[in-house]
Amino acid sequence: MSATLYYSGLAVDRVARRRGDLTWVGDLLADPETAVIPMWRDQSLVAGGVPVRARQELAADLGAAGAEPVLLGLYGGHGVFAIDLSEHSERDAIDLAGADAVADTRSLVATLGPEECGLLAYARGILHWHRNQRFCGACGGSTEVREAGHLRRCSSCTKLLFPRIEPAVIMLVELPGNPNRCLLGRHRGSGPDRFSTLAGFVEIGESLEDAVRREVFEEAGVRVDTVVYQGSQAWPFPAGIMLGFRARAVSPEIDVDNAELLDARWFSAVELRARMADPAAGGPYRVDSIGRFLVENWLADNG
Ligand SMILES: [Zn+2]
């Protein structure tokens with residue numbers, strides 16, 4: 001394993017045992033060393049291109065107006081909260097946060113390290129969840145924040161709502177041979193010569209391995225047998241986790257679905273290295289994608 005997996009391995013202490021202690025959480029929020037990450041409608045607030053870390057005064061001001069900061073945890077020994085400014089206009093959110101612009105969180109990976117990006121992604125994901133769970137799915141009652149933002153409870157029927165993550169599998173399919181080759185597909189909506197790993201959501205009633213086998217057959221018409229786990233990546237864009245696998249094909253026949261996939265081909269390591277070095281052939285994968293991690297690990301094993 002060589003490539004870095006972004007949004008993973010975050011060195012934050014999530015203090016799960018203390019989230020329910022309102023006094024402790026309140027004291028932490030009032031601590032001058034505590035930082036607050038403001039977000040606006042899934043976007044980061046930046047000043048000079050750098051994400052803003054507001055002081056706790058922002059949380060106190062907004063708290064008085066009804067906003068509820070979410071405790072991300074302790075980072076470097078200090079409290080870190082996230083706060084959602086989505087109720088405000090873009091201009092007001094920028095002013096409140098002391099920022100000068102909003103920015104797509106993933107666009108910041110080029111200038112920030114994996115740790116900082118991981119913290120922003122965590123903030124983005126949990127605030128997105130809150131915005132979409134304000135009402136109970138069972139009775140329609142309004143829900144209230146508990147556990148410093150890691151639980152919501154229906155004020156009517158008391159149903160508990162926990163932050164929800166949607167699992168997706170992403171897989172590099174290998175065809176054994178001399179040389180080994182791997183399957184990449186051209187997805188609907190991507191560039192004319194842009195090939196990448198296959199992926200799809202896990203459905204109810206199937207294991208991760210079932211999902212890998214089903215997705216590869218549905219999209220590319222390729223049967224696989226062995227499925228080996230490679231690693232996972234938090235993907236709060238908005239609510240996913242990507243589970244990476246390497247799968248072994250049992251035959252080279254391809255039959256793309258022409259729905260999600262428009263084309264799929266087998267590539268040798270030599271061909272794939274040439275493509276990754278050539279921007280005209282789609283260029284390298286984004287630095288923060290687990291697809292890149294899967295491809296680079298496969299290339300390392302097929303040097
Ligand atoms: Zn309810």
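**Close-up views of a predicted model**

Of the 303 residues of the protein chain, 50% count as buried. The model is predicted. The chain has 7 helices and 16 strands. Along the principal axes, its C-alpha atoms fill a box of roughly 65 × 45 × 35 Å. Among contacts in the chain with a separation of 6 or more, 66% are between residues 24 or more positions apart.

**Figure 1. The zinc ion and its four cysteine donors C136, C139, C154 and C157.** Each of these residues coordinates the zinc ion through its SG atom, at 2.3 to 2.4 Å. In sequence the donor residues follow the spacing C-x2-C-x14-C-x2-C. The angles among the 4 donor atoms are 98 to 115°, and the site is tetrahedral. For reference, the ideal angle at a metal with four tetrahedral donors is 109.5 degrees.

**Figure 2. The crossing of helices α6 and α7.** Two packed helices are described by the angle between their axes and the distance between the axes. Helix α6 covers residues 269-276 and helix α7 covers residues 290-301. Their axes come within 10 Å and cross at roughly 135°. That angle makes α6 oblique to α7, because angles count as roughly antiparallel only when they are over 145 degrees. The crossing of α6 and α7 is left-handed. Which residues make the contact? On α6 they are A269, L272, R273 and M276, and on α7 they are V295, E296, W298 and L299.

**Figure 3. Two cis peptide bonds, N178 to P179 and F237 to P238.** Most peptide bonds are trans. The bond from N178 to P179 is cis, with omega near 5°. P179 sits in the loop between β11 (166-175) and β12 (181-187). The bond that joins F237 and P238 is also cis, with an omega of about 10°. P238 is in the loop between β14 (224-235) and β15 (240-249).

**Figure 4. Two residues with positive phi, V15 and A148.** Most residues other than glycine have a negative phi. V15 is not a glycine, yet its phi is positive, at about 40°. V15 belongs to the segment before α1 (22-30). With 9% relative accessibility, V15 counts as buried. A148 is not a glycine either, and its phi is positive, at about 55°. Where is A148 found? A148 lies in the loop between β8 (143-146) and β9 (151-154). The relative accessible area of A148 is 13%, so this residue is buried.

Figure 5. At 36% relative accessibility, E90 counts as partly exposed. Which residues is E90 in contact with, leaving aside its neighbours within four places in sequence? They are W40 and V102. As for I241, E90 is 151 residues from it in sequence and 29 Å from it in space, C-alpha to C-alpha.

Notes. Residues numbered from 1 in each chain as written. Predicted model: local features only at pLDDT ≥ 70, side-chain atom pairs only at ≥ 80, totals over all residues. Heavy atoms only, no water. Donors = N, O, S within 2.8 Å, 3.2 Å for Na, K, Ca; no water. Tetrahedral: all angles 85-135°; square planar, octahedral: opposite > 155°, others 65-115°. Axes fitted to C-alpha atoms, helices over the stretch in contact; angles between N-to-C directions. Helix = DSSP H or I, 4+ residues; strand = E, 2+ residues; numbered from the N terminus. Parallel < 35°, antiparallel > 145°, perpendicular 65-115°, else oblique. Left-handed = near helix turned anticlockwise from the far one by under 90°. Contact = heavy atoms within 4.5 Å. Buried < 20%, exposed > 50% of the residue type's maximum accessible area, 1.4 Å probe, protein only.
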